[in-house]
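Dear colleague,

I am passing on the structure that I mentioned, together with some notes on it. Please have it open beside this message while you read.

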Amino acid sequence: MRNVALVAGGITKFGVREASWKDLVQEAGKAVFEDCPNLDRKDIDSLIVGASQPERWVYQTHVAPLVAELLGIDVRRVIARTEVACASGQAAIRYAWLSIATGLSDVALVLGVEKMNTKFMDVSQTCMVNVGNREFDGPNGFTAPPFFAMVAQRHMHEYGTTNEQLAMIRVKNAKYGALNPYAQFQKEVTVEKVLGSRMISPPLTLLDCSAMTDGAAAVILASEERAKELTDTPVWVLGGAQSVLHAHTVNQMGELSEWLGLREAAKEFYSLTKLEPEKIDIAEVHDCFTISEIIEYEELGFCKKGEGGKFIEEGQSYIGGKVAVNPSGGLLSNGHPLGATGIRQAWEVLMQFRGDVPKGRYVDGAKVAIAHNLSGMAQLHHIMGYSIEKPKELKFGR
Amino acid sequence: MRTIKLPDTIKLPTLLDPWDQQEPSGPDATGIYNFYRNLAEGDLTTTKCKDCGKMNFPPTMLCSNCLSNNLEWVKIPEEGELYAFSVMALGVPLIIDTYAPFVVAIARFGDYPENGVQISGIIFDSKYEELKIGDKVKWEVIEIQGPGEKKRYWYCFRKI
């Protein structure tokens, strides 16, 4: 086992872009190489691409070799594309980390990209039902908004969570998103504005939802030896945990307000890294909808089960509170280009630890960060840990 | 300059149609064809494992609990309970967007999870405001017509 570090990051502006899938790849690629002037592209031996549905949104498959060509990279160790819907990007980071930690790779480029906005938005939206069980939940209209609306309804029913508490998540994330020049939405909002925005799927309004977004993000990971040559400010990878317990179809999901998969992944993550929730300074979590962040506070152990609403109401997830959650503005502000999101989260952690973020969303003195990425109807959860300090001991598992 | 003229409409096969083709044979055949045959006869059914007793939904060829192929078709109890619901109004998948806005729901039938199912369904005949968690609902078989002469079957929920 070798230590692995994030050594560089690059990102495109997220949003509705007048840019093709290939344009986005080149934009993020150029940005990540510019961030790492000591790197010769010939040093990159591995490439993992996170992409969710290029086959449907831009009708292109076999995308990892295409990315290699677009960025002029010859890969001689590991090349692959990862697909686990909304968590495709973080899965790419995990496999690059594993490959370097085991000694198979030395320097890996990880790039996540999605082009979701096209002239055919009705087709793009339709592709979202493929994330669920297509022939069973698909014909019933099960895309993400009504599903997460039902999660919110059940959480309100079980724990008394309120519409106002949901809105407060957006208010916090919009506050930080307003200071993020790469975010799709850079405007602060009020609770009243969230509650009064257009109803999408009750109880979720437009501002309770993240958007369909075009964007790409890239990071370079390297072994400890190579990291020292490439940067003075490495960010160390502590490892990660994944779970799928709720399987795929609605019948397997049990109680919607209990994310047992995340509970398990968190338990595994804390056990492997010897961390506890109190030691986490920054948490970039998957706020695809406001309700998601509330449940994530609970399942990640930042507060007791059922008290996620109270946690935001007390301001505990603001910078200066118990843990700074989504100082990037989260998915709600950045938008959610599925394959790019997990990599954008890692990029944010890298920039935070370097101090390369605007005042107002900089988490001063932060040492430990996590990134949480979920996919589909919260069936899959993935947590990665990052630290400014080199880990003393690394563990894959038990 | 040579020109290539494209047809005015480009034939789109079943790429965006979310329903199973429901064919008993041929390249679109499904091993759970009985599910659709039973729907055509008016029954919403699923597979239950005769070895471990687990009721699966969707029905499958193999019990995912114990990997047995020794399955039987059982009827899902007609009356169930509304577990959660919302509205699908915007960004509705093509084809079913004709019916939007509509209520999407999850209902539990039988003794879930031990001996019952939790399934998704559309409620066409009630408004969101008229529903509450715990309402009694029943499933109903619906006919999907088209494209052309094609006839398929599906189900929806109705508040009792």
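This is a predicted model: local features need pLDDT of at least 70, side-chain atom pairs count only at pLDDT 80 or more; totals for chains, interfaces and linings use all residues.

Chain A holds an open sheet of 10 strands with mixed pairing, in which the order is β3-β2-β4-β7-β1-β8-β12-β11-β9-β10. The edge strands, each of which pairs on one side only, are β3 (78-82) and β10 (324-325) of chain A. Within this sheet, β1 (residues 4-11) and β7 (residues 215-223) of chain A run antiparallel and are joined by 7 bridges; on the β7(A) side, Ala218(A) is the bridge partner of Gly10(A).

Two helices of chain A may be of interest to you here. Helix α10 (residues 260-273) of chain A packs on the sheet through β8 (235-244) and β12 (380-387) of chain A, and its direction makes about 145° with that of β8(A). Helix α14 (residues 338-354) of chain A also packs on the sheet, where the strands that it touches include β1, β2 (46-50), β4 (107-114) and β11 (368-375) of chain A, and its direction makes about 60° with that of β7(A).

As for the contact between the chains, 31 residues of chain A and 29 residues of chain B take part in it. On the chain B side, the elements that give two or more residues are β3 (79-88), β4 (102-111) and β5 (115-123) of chain B, and the largest share, 6 residues, comes from β5(B). That side of chain B divides into 23 nonpolar residues, 5 polar and 1 charged.

With best regards

Notes. Residues are numbered from 1 along each chain as its sequence is written. Chains are lettered from A and ligands numbered from 1 in the order in which they are written. Two residues are in contact if their C-beta atoms, placed from the backbone, lie within 7 Å. Helices (H or I, at least four residues) and strands (E, at least two) are DSSP runs, numbered from the N terminus. Ala, Val, Leu, Ile, Met, Phe, Trp, Tyr, Cys and Pro count as nonpolar, Asp, Glu, Lys and Arg as charged, and the others, Gly among them, as polar. Two strands pair if DSSP finds at least two bridges between them. Axes are lines fitted to C-alpha atoms, for helices over the stretch in contact, and angles run from 0 to 180 degrees between N-to-C directions.
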